[in-house]
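Hi,

Here is the structure I promised to pass on.

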Amino acid sequence: MAIGSGLGAQIGIIAESSYGTFAAPTKFIEFTKESLVLKKTTAQSAGIAAGRLLPLSSRRVLTRKEVQGSLEMEIANKGMGLILQTLMGTSVTPVQQAATTAYLQTHTLASVAGKSLVIQKGVPLTSGTVTDKTLLGCKITSGEFSCGVGEMLNGSFEIDGKDCDETQTLAVASYSNMSPFHFGQMALKIGTFGAEAALDGIRKVSCKIERPQDVERFYANQSALKKEPIENDQVKITGTLESDYTGTTLDDLHTSDGATSLVWEFIGPIIASTYTETFRITLPAIKLDEGPPTVDGFGVVKPTFNFTGLYDGTNLPKIEYMSTDVTL
């Protein structure tokens with residue numbers, strides 16, 4: 001019997017073999033907040049009948065169903081592969097580093113067609129009984145990462161799903177020994193792609209990757225459920241760099257509208273040999289949209305630069321993840 005509060009909740013995930021097809025979750029994520037719920041659309045008959053003052057319950061119909069919401073978590077040193085793959089699109093197999101226990105995942109930006117998850121929620125009743133809500137056909141429509149002074153590296157993922165199945169058996173949760181990436185491990189580098197150098201004065205970074213998709217594919221013969229969303233716009237990558245005004249590098253890039261490569265990384269403990277726990281976002285070309293410094297008092301000038309990630313014509317954005325995970 002679990003604790004009858006959020007302390008007894010769980011989230012399990014697994015990649016789907018095809019959109020909306022159930023499989024029992026095998027990986028369990030430590031999360032901080034979720035808002036994944038079934039959304040339903042109903043229609044009520046408005047037929048006039050002599051003397052009837054209230055619509056008939058039997059004349060209300062369910063015309064469409066879908067799942068919407070978000071999932072928030074601290075980005076940990078294990079277990080993040082499936083989430084990153086569903087966001088970025090590349091089918092990834094972790095690559096063993098030399099003969100060590102370190103495995104590198106490289107999630108390069110690609111189409112997200114065919115990339116969906118089963119997400120199973122365990123929601124506790126006050127009695128301690130944990131109810132099952134199995135969400136099928138879950139596509140990640142955006143992912144945002146952020147970390148500032150004194151903070152963990154946090155991730156927030158917007159999710160669109162096909163249906164909620166409450167007839168499945170709740171999987172038994174199990175967790176490996178994980179630890180989160182944090183500000184003390186953070187580095188921010190900019191410059192020529194492949195030769196980026198550390199930038200001083202950075203206090204907080206955020207990066208959002210949006211995967212626009214047509215989530216309104218409701219057709220006849222689908223029993224009020226949607227077909228797999230299809231990408232319907234270019235990827236949008238945006239972010240912010242909060243800083244102290246220690247130099248003019250970002251200011252000059254804003255003025256000139258010049259492009260620079262950005263590497264935002266977290267380097268954790270050594271796994272083996274020279275291989276470390278790593279989370280790294282590489283954006284080969286960004287341009288600064290806003291953020292020239294202004295003085296609003298006696299304190300240190302603290303400009304916040306907003307950026308847009310673009311394609312440099314050769315190199316695609318990627319997320320690299322080094323862990324002991326042999327599989328996603």
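**Salt bridges across the chain**

Lys 139 and Glu 228 form a salt bridge, with their closest N and O atoms 2.8 Å apart; the term here means a side-chain nitrogen of Lys or Arg within 4 Å of a carboxyl oxygen of Asp or Glu. Lys 139 sits in strand β9 (residues 130–148) and Glu 228 in the loop between β15 (213–214) and β16 (230–231), so the pair ties together parts that are 89 residues apart in sequence. Helices (H or I, at least four residues) and strands (E, at least two) are DSSP runs, numbered from the N terminus. Both Lys 139 and Glu 228 are buried. For that label I used under 20% relative accessible area, with exposed being over 50% and partly exposed in between (1.4 Å probe, protein chains only).

Before you go further: this is a predicted model, where local features need pLDDT of at least 70 and side-chain atom pairs count only at pLDDT 80 or more, while totals for chains, interfaces and linings use all residues. Residues are numbered from 1 along each chain as its sequence is written, and side-chain values use heavy atoms, with hydrogens and water left out.

Back to the pairs. Asp 244 forms a salt bridge with Lys 302, and the closest N and O atoms are 2.7 Å apart. This one links distant parts of the chain: Asp 244 is in the loop between β17 (236–243) and α2 (249–256), Lys 302 is in the loop between β19 (275–290) and β20 (304–310), and the two are 58 residues apart. Lys 302 is partly exposed, at a relative accessible area of 46%.

Then there is Glu 320 with Arg 280, a salt bridge whose closest N and O atoms are 3.3 Å apart. Glu 320 lies in strand β21 (residues 318–323) and Arg 280 in strand β19, so this pair ties together parts that are 40 residues apart in sequence. Glu 320 counts as buried at 11% relative accessibility, whereas Arg 280, at 21%, counts as partly exposed.

Salt bridges that share partners also join Arg 64, Glu 66, Asp 160, Glu 216 and Lys 226 into one network. The count for the model comes to 17 salt bridges.

**A buried Glu without a salt bridge**

Do look at Glu 277, in strand β19. Glu 277 is buried yet has no salt bridge, and the nearest side chain of opposite charge, Lys 78, is 6.7 Å away. What does the side chain of Glu 277 make a polar contact with? The partner is the side chain of Asn 77, at 2.9 Å. A polar contact here is a pair of N or O atoms within 3.5 Å; within protein, one must be able to donate a hydrogen and the other to accept it, and residues adjacent in sequence count only if both atoms are side-chain atoms. Leaving aside neighbours within four places in sequence, the residues in contact with Glu 277 include Phe 181, Phe 266, Pro 269 and Met 322, where contact means heavy atoms within 4.5 Å.

Asn 221 is not a glycine, yet has a positive phi of about 70°. Asn 221 is in the loop between β15 and β16 and is exposed, with a relative accessible area of 78%. Ser 273, also not a glycine, has a positive phi of about 55°. Ser 273 lies in the loop between β18 (260–272) and β19, and counts as exposed at 54% relative accessibility.

**The chain as a whole**

The chain has two helices and 21 strands, and its C-alpha atoms fill a box of roughly 80 × 50 × 40 Å, taken along the principal axes. Of the 328 residues, 45% are buried. Among contacts with a separation of 6 or more, 71% are between residues 24 or more positions apart.

Ala 197 is partly exposed, at 44% relative accessibility. Apart from neighbours within four places in sequence, Ala 197 is in contact with Leu 188, Lys 189 and Ile 190.

Over to you!

Technical notes: Lys and Arg count as positive and Asp and Glu as negative; His and the chain ends are not counted.
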